[in-house]
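Okay, thanks everyone, let me get the picture up on the screen.

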Protein chains: 2
Amino acid sequence: MSSSKLRVGLIGASGETGTSIVNGLLEANKFDLIALTRPSSLTKPINKALESRGISLRPFDLTSPQPDLVASLKDLDVLISSLPPHDLLSPIPLITAAKTAGIKRFLPCAYAPVIPPGGIHIIIDQKEKVYQHMKQLRLPFTIVDIGWWFQLCVPRLPSGRSDYVQLTPSQNTIVGEGDTKSALTDLRDIGRYIARIIVDERTLNKYVFVYNELWTQNEMFALTEKLFGEKMERKFVQEGELRAKLEGVGDVVDLPTIATKVPVQYQLSLYVRGDNQPENAKYLGYLLGKDLYPDFEARSFEAYVKEVAGGKAKGIYEGRYEDLKKLFVKNK
Amino acid sequence: MSSSKLRVGLIGASGETGTSIVNGLLEANKFDLIALTRPSSLTKPINKALESRGISLRPFDLTSPQPDLVASLKDLDVLISSLPPHDLLSPIPLITAAKTAGIKRFLPCAYAPVIPPGGIHIIIDQKEKVYQHMKQLRLPFTIVDIGWWFQLCVPRLPSGRSDYVQLTPSQNTIVGEGDTKSALTDLRDIGRYIARIIVDERTLNKYVFVYNELWTQNEMFALTEKLFGEKMERKFVQEGELRAKLEGVGDVVDLPTIATKVPVQYQLSLYVRGDNQPENAKYLGYLLGKDLYPDFEARSFEAYVKEVAGGKAKGIYEGRYEDLKKLFVKNK
């Protein structure tokens, strides 16, 4: 590896988004990648696999004292964080250390749909706290939001042939009339976008919204039926029913609250409010990936559904967050 | 007045910033101005004076039901709000009505120094709540921040000759070493900037930071001594003393809390953190007035201090917020 390559530190490299980032940055073949890894996880197969692909593993513990965090970061140019949804405030000390260490660009754990902060979505409001801390320290940043994963869009079918890519029951339900557009991205493209973004001066200290395609739920369901050659019964849910599910749920950010709020608040934001759209992103100050990278070859939703129908798609969060997934189903 | 003129509604037209806005927009001579005025205030001399300058008065009560608010706004193109610091959440229903009424550009009550939200300043955090509501409704907007008024920068002198422009004791104290730059604007120029901004497509749905000049406290104090021909004793205050004043002060947004927090939090932000600077504004996503309007003829701080020394300056908040001013002095 040449020393002139940009040195990119990754936190959460073995997660869903982290894996996409690793693949995208490796494919670009112009970065030195350092996975910041819990000392107890250094010998795990998933991390040994990263090492075998040319990624350096560096022991790193988010709860270490500031001087240790700073020492672990000080040779890095870019720092990219992707964390599970119930662990979103842990980067606060990381950000303080990144500023001291002179990180030239920090990508906080964003990778969300376009949703404005202030009570619409519990996770977005957690992220906003992190961004506020980052901005108060004037840490150079890029916030990358990516819409909604293809991998969360294929509904359950009578035959059960799409069950292997199911995460939450909410993906089997059409909200309202089902005709609100939402910006979708293939999880596997996120890292490819990021490989462009982190070497692009236009995106420094900016919000960037990347997405592949715009789809309504009716369109998603119709395409799924067509490509699987199966009909399914449509289950509809209205705004009032969704709001009723949130009544009396508190604001404590713990697993049960997240499990209740997260799917419902996404349904309300994506399909009732229609937040997750490029026009709204522009209004909120985002640069659009479509404008920045018109040549980007984005995977199509149709190609993904074909993969699922062919039995060749990969499920998400396999073997992870089993507690959270059980809560999702319980709250169905 | 021609009907092709942009119709601009003003809330708080008789306040300090409101007066600057009225003057700036009248000087531009291309707007129809409508002052939205509490019914009980329509006959006050200050409002009759607005009327005599060609501004329409329209009875308006922020606490009216939504349909009444909407009816009062529906013929307006632009709506500009400037409100006292202890009344910052009252525009929430106004914003909802402005969206329904089809307002093409809303200027929320900003007009503040550059300070990122999230616990640095109680007033900024109140404003942020209003901005969040506005953005959730996708109301077209421009947020105009203006730095710190010249009119809050001239310190007290032994002769008492500058006493007539004193508002808060904090303006007589140098924070830290006194060498942190801060962006200053003559209160009277705010409206002239706004006359440019509200007809500028580049500023739609953007944050704009306008300021006249950058000054340190040491420079302000030295200039004041020079132009008054008087020496004064320098009173310094350090960060720790300022932070001690905030200890145990709660987060309730009432007059006593505002009176304690506001001056101290401004001192910490402006002169310890150094938030109120154009580089920080750019980092936070603002467009700069200096870039947008390079031909703008801004008043100089030196000219203002000369006015004060000549006994010809106008005090601020004269006859207003006497309760708040007493609390400022009590908290000295």
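This is a predicted model: local features need pLDDT of at least 70, side-chain atom pairs count only at pLDDT 80 or more; totals for chains, interfaces and linings use all residues.

A:Arg243 and A:Glu239 pair up through their side chains, with 3.0 Å from N to O. Both sit in helix 8 of chain A, 4 residues apart, so that's about one turn of the helix. A:Arg243 is partly exposed at 40% relative accessibility, and A:Glu239 is partly exposed too, at 34%.

Now, how many salt bridges does the structure hold over all chains? The count is 46. Let me show you a few others. A:Arg188 bridges to A:Glu307, with the closest N and O atoms 2.7 Å apart. That pair ties together distant parts of the chain: A:Arg188 is in the loop between strand 9 and helix 6 of chain A, A:Glu307 is in helix 12, and they're 119 residues apart. A:Arg188 comes out at 31% relative accessibility, partly exposed, and A:Glu307 is partly exposed at 25%.

Over in chain B, B:Arg202 forms a salt bridge with B:Asp200, closest N and O atoms 2.9 Å apart. Are those two buried or exposed? B:Arg202 is partly exposed at 45%, whereas B:Asp200 is buried at 9%.

Chain B puts 21 residues into the contact, and chain A puts in 21 residues. The area buried between them is about 1,700 Å², and carbon and sulfur atoms give 42% of that. In chain B, the residues losing the most area to chain A are B:Gln136, B:Arg138 and B:Tyr283, together 46% of what that side buries.

Between the chains you get 2 salt bridges. A:Asp275 with B:Arg138 is a salt bridge with its closest N and O atoms 2.8 Å apart. There are also 18 residue pairs in polar contact across the two chains. On the chain B side, helix 5 and helix 10 are the elements giving two or more residues, and helix 5 has the largest share, with 5 residues. By class, that side has 9 nonpolar, 7 polar and 5 charged residues.

Let me zoom in on some single residues. B:Asn172 is in the loop between strand 7 and strand 8 of chain B, and it's buried at 9% relative accessibility. What does the side chain of B:Asn172 reach at 2.5 Å? The backbone nitrogen of B:Arg156. The B:Asn172 side chain also has a polar contact of 3.4 Å with the side chain of B:Gln166.

B:Gln267 sits in helix 9 of chain B, and it counts as buried because its relative accessible area is 6%, under the 20% cut-off. Setting aside neighbours within four places in sequence, B:Gln267 has contacts including B:Ser170, B:Thr173 and B:Val175.

For contrast, take A:Val252, in the loop between helix 8 and helix 9 of chain A. A:Val252 is exposed, at 54% relative accessibility. Beyond four places in sequence, A:Val252 is in contact with A:Ile122 and A:Thr257.

Conventions:
Residues are numbered from 1 along each chain as its sequence is written. Chains are lettered from A and ligands numbered from 1 in the order in which they are written. Side-chain values use heavy atoms; hydrogens and water are left out. Contact means heavy atoms within 4.5 Å. Buried area is the accessible area (1.4 Å probe) that two parts lose on being put together, summed over both. A salt bridge is a side-chain nitrogen of Lys or Arg within 4 Å of a carboxyl oxygen of Asp or Glu. A polar contact is a pair of N or O atoms within 3.5 Å; within protein, one must be able to donate a hydrogen and the other to accept it, and residues adjacent in sequence count only if both atoms are side-chain atoms. Ala, Val, Leu, Ile, Met, Phe, Trp, Tyr, Cys and Pro count as nonpolar, Asp, Glu, Lys and Arg as charged, and the others, Gly among them, as polar. Buried means under 20% relative accessible area, exposed over 50%, partly exposed in between (1.4 Å probe, protein chains only).
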